[in-house]
Amino acid sequence: MATELDSTILAPDVVRGVTRLFARSQIFAIAEVPLPNNRRADLMGIDTKGRIVIVEIKVQRSDLLGDCKWQDYLDYCDHFYWAVTPELASICDGDDFLPDVAGLIVADRYDAAFMRQSAERKLAPARRKAETLRFARRAGRRLAAQVDPSLGDNF
């Protein structure tokens, strides 16, 4: 985790730390995933059992406390996590963050750790199929754009 000399943690740093944690946990995620309800998941991943995980990343106290939209993600995942910097972790224990539903990950640019597991909220089979297909196609488009940047992520 970051030291006192290195206390500025940005959202891309948290993404990197969570991605490393997820890879060790056999969850593979992509960032910035638009959802059908016009929200955007900071990270969305799929584990070895096909369960969908969404992570909402917060690095500023005001952003964390002002987030009123996070429950809109719950209809699109089996597991929901907050990923925050070490300084913000204690805030996520409050009732507003539904600790009985939402898991907690503490992260920096080097690594991350599960502080609280999320409750499993099983998606309906039709929703799971639709979201898994959307995830796979988006990941494929992003890989295709790496081979040919003219393809972009918008086709």
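A residue is termed buried when its relative accessible area is under 20%. In the predicted model described here, cysteine 92 has a relative accessible area of 0% and is therefore buried. Cysteine 77, at 1% relative accessibility, likewise counts as buried.

The cysteines were next examined for disulfides. A disulfide is a covalent bond between the sulfur atoms of two cysteines. With a cut-off of 2.5 Å between cysteine sulfur atoms, the count comes to 0 disulfides. For cysteine 77, the nearest cysteine sulfur belongs to cysteine 92 and lies 15 Å away, so cysteine 77 takes part in no disulfide. For cysteine 92, the nearest cysteine sulfur is that of cysteine 68, at 14 Å, and cysteine 92 is likewise in no disulfide.

Strand pairing was considered for E5 and E6. Strand E5 comprises residues 103-107 and strand E6 residues 112-116; the two pair in the antiparallel sense through 4 bridges. Together E5 and E6 form a hairpin, with 4 residues between the strands. Within this pairing, alanine 107 is placed opposite alanine 112 of E6.

A further position of interest is glutamate 32, which is located in strand E1, residues 28-34. The relative accessible area of glutamate 32 is 42%, and this residue is therefore classed as partly exposed. When neighbours within four places in sequence are set aside, glutamate 32 is in contact with Arg40, Ala41, Asp42 and Arg142.

Methods
Residues are numbered from 1 along each chain as its sequence is written. This is a predicted model: local features need pLDDT of at least 70, side-chain atom pairs count only at pLDDT 80 or more; totals for chains, interfaces and linings use all residues. Side-chain values use heavy atoms; hydrogens and water are left out. Two strands pair if DSSP finds at least two bridges between them. Buried means under 20% relative accessible area, exposed over 50%, partly exposed in between (1.4 Å probe, protein chains only). Contact means heavy atoms within 4.5 Å.
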